[in-house]
Amino acid sequence: MNGHCICGAVTYQLTDAPLFVQCCHCSWCQRETGSAFAVNALIETDRVVIDGPLREREVPTASGKGQVLVQCAQCGCTILSHYAGAGRKMAFLRTGTLDDPGALPPAIHIYVGTRRPWVILPDGVPASDAYYRAADHWSPAALARRQALR
Ligand SMILES: [Zn+2]
Ligand SMILES: [Zn+2]
């Protein structure tokens, strides 16, 4: 899978399938994206091969530990981010930057208590009021890949 920023200066390729895809409806993601939610694909950072000029911005998070946004240096489009909890080896890739943004539908909706009242959650996809335990939702293969990062 391939993706790019708004201006096209940054392109990237995923060299493996993501571990998991989640749609976050928390108020922090809403503010960060200026939208109703963020859809992130979790994947090992070294499996995102990026070409182009990048910059990093550190922003506060609800946990107080902060988040690093990795953006196109030219247009500011956020390609991915790193959270303190998962560390730099794990990338939260913004799926809206994929060439085919619909290719990775969320496998879970989280923090749905703060979702916009007009966002209708799909039937058959798990939804959580907070975060979730990966062991409850990820495939064994994805859990093994995460374990290998530690
Ligand atoms: Zn750009
Ligand atoms: Zn969020």
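Which residue in β2 is the bridge partner of His-4? Thr-11 is that partner.

## Basis of the report

This is a predicted model, where local features need pLDDT of at least 70, side-chain atom pairs count only at pLDDT 80 or more, and totals for chains, interfaces and linings use all residues. Residues are numbered from 1 along each chain as its sequence is written, chains are lettered from A and ligands numbered from 1 in the order in which they are written, and side-chain values use heavy atoms, with hydrogens and water left out.

Strands here are DSSP runs (E, at least two residues; helices are H or I, at least four), numbered from the N terminus. Two strands pair if DSSP finds at least two bridges between them. In general, strands of a sheet pair through backbone hydrogen bonds, either parallel or antiparallel.

β1, β2 and β5 form an open sheet in the order β1-β2-β5, and its pairing is antiparallel. β1 and β5 (48-51) stand at the edges; each has a single partner strand, so one side of each lacks a neighbour in the sheet. Neighbouring strands of this sheet are turned by 20° against each other on average, direction ignored. Axes are lines fitted to C-alpha atoms, for helices over the stretch in contact, and angles run from 0 to 180 degrees between N-to-C directions. Three bridges link β1 and β2.

## The zinc site

Four cysteines hold the zinc ion (ligand 1): Cys-5, Cys-7, Cys-72 and Cys-75 coordinate through SG at 2.3 Å. Donors are N, O and S atoms within 2.8 Å of the metal (3.2 Å for Na, K and Ca); water is not among the atoms, so sites may look incomplete. The angles between the four donor atoms run from 105 to 112°, which makes the arrangement tetrahedral.

Along the chain, the donor spacing is C-x1-C-x64-C-x2-C. Cys-7 sits in the loop between β1 (2-4) and β2 (11-14), and Cys-75 in the loop between β7 and β8 (78-83), so this pair ties together parts 68 residues apart in sequence.

Burial is set by relative accessible area: buried is under 20%, exposed is over 50%, and partly exposed is in between (1.4 Å probe, protein chains only). Cys-5 is buried at 1%. Cys-7 is partly exposed at 37%. Cys-75 is partly exposed at 30%.

## Cysteines and disulfides

A disulfide is a covalent bond between the sulfur atoms of two cysteines. The cut-off here is a pair of cysteine sulfur atoms within 2.5 Å. A search of the whole structure finds zero disulfides. Cys-77 is in none; its nearest cysteine sulfur, that of Cys-75, is 5.1 Å away. Cys-77 is buried, with a relative accessible area of 11%.

## The seven-stranded sheet

The order of this open sheet is β6-β7-β8-β9-β4-β3-β10, with mixed pairing. β6 (54-59) and β10 stand at the edges with a single partner strand each, so one side of each has no neighbour in the sheet.

β3 (residues 20-24) and β10 run parallel, joined by three bridges. Gln-22 has Ile-108 of β10 as its bridge partner. β4 (residues 38-44) pairs with β9 in the antiparallel sense over five bridges. Ile-43 stands opposite Ala-91 there. β8 and β9 are also antiparallel, over two bridges. Ser-81 pairs with Phe-92. Their hairpin has six residues between the strands, and Gly-87 takes a positive phi near 80°.

## Buried positions

Five of the five residues of β9 are buried, so the strand is largely enclosed by the rest of the structure. In a regular strand the side chains alternate between the two faces of the sheet. In β9 both faces are covered, with Met-90, Phe-92 and Arg-94 on one side and Ala-91 and Leu-93 on the other.

Thr-95 lies in the loop between β9 (90-94) and β10 (108-110). Thr-95 is buried at 4% relative accessibility. Contact means heavy atoms within 4.5 Å.

Leu-69 belongs to strand β7 (residues 67-72). Leu-69 is buried, at 8%. Its contacts, again leaving out residues up to four places away in sequence, include Arg-55, Val-59, Leu-80 and Arg-94.

Key:
Four donors count as tetrahedral if all angles lie between 85 and 135 degrees; four count as square planar and six as octahedral if opposite donors are over 155 degrees apart and all others between 65 and 115; anything else is irregular.
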